[in-house]
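Work through the following exercises with the sequence and the coordinates open beside you. Each task is followed by a solution that goes step by step.

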Amino acid sequence: MQELTADAAIELREIDKSFGSVHAVRGASLRVERGSITGIVGENGAGKSTLMSILYGLHLADAGEILVDGRPVEMASPRDAIGHGIGMVHQHFMLVDSFTVLENLILGAEGGALLAAGLASARGELARLSGEYGLAVDPDARVADLSVGEQQRVEILKVLLRGARILILDEPSAVLTPQETDRLLQILRLLRDRGVTVVLITHKLREILAVTDKVIVMRRGEVVAERRTAETGAEELAELMVGRKVRFDLDKAPARRGETMLAAWHLSLVDGRGVRLLDDISLEVRSGEIVGIAGVSGNGQTELLQVLSGIRPPTGGEMEVCRRKVDAAHPVDPAEMRDLGVAHVPEDRLRQGLVPAFLASETSILGYQDREPFCHNYLMDGPAVGKYCADLMERFDVRPRTPGLRSANFSGGNQQKLILAREMARNPKVLLVGQPTRGVDIGAIEFIRRELIKSRDAGCAVLVVSVELEEILSLADRILVMFGGRIVGEVAAGEADERTLGLMMAGARAA
Amino acid sequence: MSASRRPLPGWVEIGLLPLANIAMAFLLVGLIVAVIGVDPFHALKLLVLGALGSSESIGYTLYYATNFIFTGLAVAVAFHAGLFNIGGEGQAYIGGLGCGLAVLALDRYLPTLLVIPLAILASAAFGAAWAAIPAWMQAWRGSHIVITTIMFNFVASALMVYLMVNVLIAPGSMTPQSRGFTASAAVPSMQAALQWIGIAVAPSALNLSLLLALVACVGVWIFLWHTPWGYSLRTMGHNPEAALYAGTNLKRMTMLAMCLSGALAGGVAVNELLGVHHRLVLDFAAGYGFTGIAVALMGRGHPLGIVLAALLFGALQQGGAELNFEIPKITREMVVVIQGLVILFSGALVHLPRPWLQALFARKG
Ligand SMILES: Nc1ncnc2c1ncn2[C@@H]1O[C@H](COP(=O)(O)OP(=O)(O)OP(=O)(O)O)[C@@H](O)[C@H]1O
Ligand SMILES: [Mg+2]
């Protein structure tokens, strides 16, 4: 056995983990070769994050063995993991926004009572690391001023600075733009070439095929397959993950556009500091069509959704929602929007879409808590809410089907499905969706997109904001491109291609 | 990273962890008591007997617990909304002003069945109003509620001294207190009430306000977990952005939460003025508001937990007084130290025994 494991940086043997009644990982075994990139794929809730959290010492396995460099080790806390040269970059960054990059890097490893010495040595190390791995960031920039991609680089640097030789990344690209993702993949390749071992969890098979040496497929807590990347393809992986054939193409009928349900004229939004977040936005969405908003993230899409859903009143211009006029003098709040028949799937599910500490059943009525059938005579009907949640879980295949589980304890993709279920189940007249399939597995992506098209065909006016061009192209009947808070172009779905859209997204105005 | 805190089984979390905290506090208290030359086991025996040894001592324990339930609930309701209301003390005090004014104006003209409900309402309304000002300042002006509520305690105290000395003092009285309330404004004592149904207990300060406190517990439980407002309030406390998304008006919800909190603190006035003093006096709320914070923390913000924590603090208060009486070496200040240690261990150091419990009960299922 010893010879076999000699070249394995990590080996997990028969790892088992349950959370209460949820059996999250069932006897999973895997090997990660030193100096390679290993991908882990699998459906939402397959146990990928849990397995890696066990390796990183965040959870204690119920059974099983962890070997690092061929030696069995105890992982009781992240400190142990760091001691064995293992580092993890979480999907939600753990940086102090108001600190500089350098200050963040030495956080928890200040190296002495006086900061100056630690800072100076970290600056030297940082220069060396960023040179070696192409991880360029300005050490004196405040983290709050960095883009998401740069913040992620800081996280990676933080891990490397602690001497990690094994890097675990849990869905690192879920929050990145396509350009930033390409940068990240380059960095990962460079890391591997310098001898770092990388484990990459992702739902995007494109990334798996682009950088990994080996892929491990998990399903329902088990490792079900292992393939050399060179010997497999997207189709096979998808089938292994989901356990059935996945269809990547959506055959949808042409849109049957009805009357205008949502319209905006010259909307603008200026924040307290006088920055123009939205500038002269005019658009309309008719019932029976899907309008897609494409753009690099941070170009006003978030603010547009906030204004259209009533969370923030516009500072200028007007809009009409289901025949209700809205402008700066006649604002509307999200509750009234729901009354009008507007549903909203927010971009940031953890901060807006749900309350992590609430039960799934409570999350399943967020925003509808004072409506029938959840509430009569000012009292909430607990059993009705629980039953409703169970129904939603059944319809949208949320796993596990446990309305009494805390929202935080669902895997990322299942949280997303629960929120989508909540908003789509009420047959809204207007559906605003931000990043519909962020962090969702490919089987669920297929399902969610079909549901969105079903809503459209049932006469709903759908507005989809996504930073994934491929998503916009496959869903939308009409595409609007946002740049710098403005709409810089409109393209009919049939005439759009990635290249022209990409140019528009980069700010080149459409003719 | 919360995931690094491995979950403990529910009963350990809710039952054993607080007990371990209390045990540690008592261990330290025992050491201190031994250092000043008193047998700790003898002291502990006196403390327990003093709190629970007779129907009289039980009565006092429950009477103190009544106050702690009101202030504990007050802190908890605000806390569920993400607001740290340190002003329970002042809100209870001003609630007493409302209570006193209502009774002084009405007790000569109306029957008990009208005076008492009106006085209770006035206590709640004045308490709520006193909380509403800091709430308004936080919601609309951005002044931090921790700072403003604590300052309002001092304002309340100064205002009451002024009013009692200059305005409400009974004519000819040497001490700053109002005239006595008439019998129509007296909440019956528990002794009288129990006698009425044929149970004999020793007289104590315990009165039927305890029932009001228990009703308030049920009310808070229903409000927080079974009404849409309670739902919105908790959403705001956990995640203001999600509350905004759900259509909750955060300013109005802040007002609602704080007014409710202040109204609950006003319950102390009912217990003290209508149940015990039968006149408006100075400083009747002293200490209860602050201990309420510890009660709410220890009770995990849940009414049931608050009742249990209030009983503990009531027992400490009453048993401590007995201890001081029996062993003068253990001064009143020592008793405050004991309370302080319990608060320290079950508040600030609440997670101290967690690693040991985790080692014992490292949850696999
Ligand atoms: N702390 C917890 N308590 C209870 N159940 C949990 C907890 N953490 C995870 N689970 C459950 O364990 C299972 C595996 O979750 P995990 O987060 O590992 O999935 P995943 O493969 O990372 O999915 P995703 O792709 O959606 O992120 C899920 O069913 C989840 O609900
Ligand atoms: Mg995950």
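The model is predicted, with local features requiring pLDDT of at least 70 and side-chain atom pairs counted only at pLDDT 80 or more, whereas totals for chains, interfaces and linings use all residues. Residues are numbered from 1 along each chain as its sequence is written, chains are lettered from A and ligands numbered from 1 in the order in which they are written, and side-chain values use heavy atoms, with hydrogens and water left out.

**Exercise 1. Describe the interface of chain B and chain A.**

Step 1. With contact taken as heavy atoms within 4.5 Å, 25 residues of chain B touch 37 residues of chain A.

Step 2. The buried area, which is the accessible area (1.4 Å probe) lost by two parts on being put together and summed over both, comes to about 2600 Å², and carbon and sulfur atoms give 60% of this.

Step 3. A salt bridge requires a side-chain nitrogen of Lys or Arg within 4 Å of a carboxyl oxygen of Asp or Glu; there are 2 salt bridges between chain B and chain A. A:Glu362 forms a salt bridge with B:Arg234, with 2.8 Å between the closest N and O atoms.

Step 4. On the side of chain B that touches chain A, the elements giving two or more residues are helix 8 (209–226), helix 9 (228–238) and helix 10 (240–245) of chain B, where helices (H or I, at least four residues) and strands (E, at least two) are DSSP runs numbered from the N terminus. The largest share, 7 residues, comes from helix 9 of chain B.

**Exercise 2. Which parts does the salt bridge of A:Arg13 and A:Glu65 tie together?**

Step 1. The side chains of A:Arg13 and A:Glu65 meet at 3.5 Å, N to O.

Step 2. Because A:Arg13 lies in strand 1 (residues 8–19) and A:Glu65 in strand 4 (residues 63–68) of chain A, the pair ties together parts that are 52 residues apart in sequence.

**Exercise 3. Characterise the second largest pocket and the largest cavity.**

Step 1. On a 1 Å grid over the protein atoms alone, a cavity is a set of points where a 1.4 Å probe fits but cannot get out, a pocket is an open set with protein on both sides within 12 Å along at least five of seven lines, and lining residues have an atom within 4 Å of a point. Grid points are joined across faces, edges and corners, and the volume is the space filled by probe spheres set on the points.

Step 2. The second largest pocket has a volume of about 1500 Å³, and among its 37 lining residues A:Val148, A:Thr302, A:Asp348, A:Arg351 and A:Arg438 are the closest to its centre. Helix 10 of chain A gives the most to this lining, with 5 residues.

Step 3. The largest cavity has a volume of about 50 Å³, and its lining residues include A:Ser309, A:Met337 and B:Tyr245. Helix 11 of chain A supplies the largest share of the lining, 3 residues.

**Exercise 4. Where do A:Pro373 and A:Pro400 lie?**

Step 1. A cis peptide bond with omega of about -5° joins A:Glu372 and A:Pro373, and A:Pro373 is in the loop between helix 13 (360–363) and strand 17 (375–376) of chain A.

Step 2. The peptide bond from A:Arg399 to A:Pro400 is cis, with omega near -5°, and A:Pro400 lies in the loop between helix 14 (382–395) and helix 15 (412–424) of chain A.
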